[in-house]
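Please read them alongside the sequence and the structure.

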Amino acid sequence: MPTETPVPPPTDTPQPPRFHDIAAGETLYGISLLYRIAAESIAEANGFTVENPQVQAGLQLQIPWPTATP
């Protein structure tokens, strides 16, 4: 009878950081829709809150990668 070889579970592959250069007229909400990630996640990754967004033309935001949901 053949023996079954266990398959190791997949490992996470780290994603490189991604950034967004803010253009005139863009909002935190609009950027969150563009990347399909919560505005709160973008704000947290950049050290501010959605109540006090630091979104100004010419700035660069780090955009976190979405996390998998079960």
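**Notes on the model**

1. At 9% relative accessibility, H20 counts as buried, where buried means under 20% relative accessible area, exposed over 50%, and partly exposed in between, with a 1.4 Å probe and protein chains only. The model is a predicted one, in which local features need pLDDT of at least 70 and side-chain atom pairs count only at pLDDT 80 or more, while totals for chains, interfaces and linings use all residues. Residues are numbered from 1 along each chain as its sequence is written, and side-chain values use heavy atoms, with hydrogens and water left out.

2. H20 belongs to strand β1, which covers residues 18-21; helices (H or I, at least four residues) and strands (E, at least two) are DSSP runs numbered from the N terminus. The H20 side chain makes a polar contact with the side chain of Y35 at 3.0 Å, a polar contact being a pair of N or O atoms within 3.5 Å, of which, within protein, one must be able to donate a hydrogen and the other to accept it, and residues adjacent in sequence count only if both atoms are side-chain atoms. Once neighbours within four places in sequence are set aside, H20 is in contact (heavy atoms within 4.5 Å) with E26, I31, L34, Y35, L59, Q60, L61 and I63.

3. On the chain as a whole, there are 2 helices and 2 strands, and from the N terminus on they run in the order β-α-α-β. The chain has a radius of gyration of 18 Å, whereas a compact globule of 70 residues would have one near 11 Å; this radius is taken over C-alpha atoms, and the globule rule is 2.2 Å times the number of residues to the power 0.38. Along the principal axes, the C-alpha atoms fill a box of roughly 70 × 20 × 20 Å.

4. Buried residues make up 20% of the 70 residues in the chain. Of the contacts between residues at least 6 apart in sequence, 56% join residues at least 24 apart.

5. Where does W65 lie, and what does its side chain reach? W65 is in the segment after β2, its side chain reaches the backbone oxygen of P16 at 2.8 Å, and with a relative accessible area of 36% W65 is partly exposed. Not counting residues up to four places away in sequence, W65 touches Q15, P16, P17, R18 and I37. The charged end of R18 sits over the ring of W65, 4.0 Å from its centre, the rule being that NZ of Lys or CZ of Arg is within 6 Å of the ring centre and within 35 degrees of the ring normal. The C-alpha atoms of W65 and V55, which are 10 residues apart along the chain, are separated by 19 Å.

6. R36 deserves a look in the viewer, as it has a positive phi of about 55° although it is not a glycine. Most residues other than glycine have a negative phi. R36 is found in the loop between α1 (28-35) and α2 (39-45), and with a relative accessible area of 76% R36 is exposed.

7. Q56 lies in the loop between α2 and β2 (60-63) and, at 51% relative accessibility, counts as exposed. Although Q56 and G25 are 31 residues apart in sequence, they are 8.5 Å apart in space, C-alpha to C-alpha.
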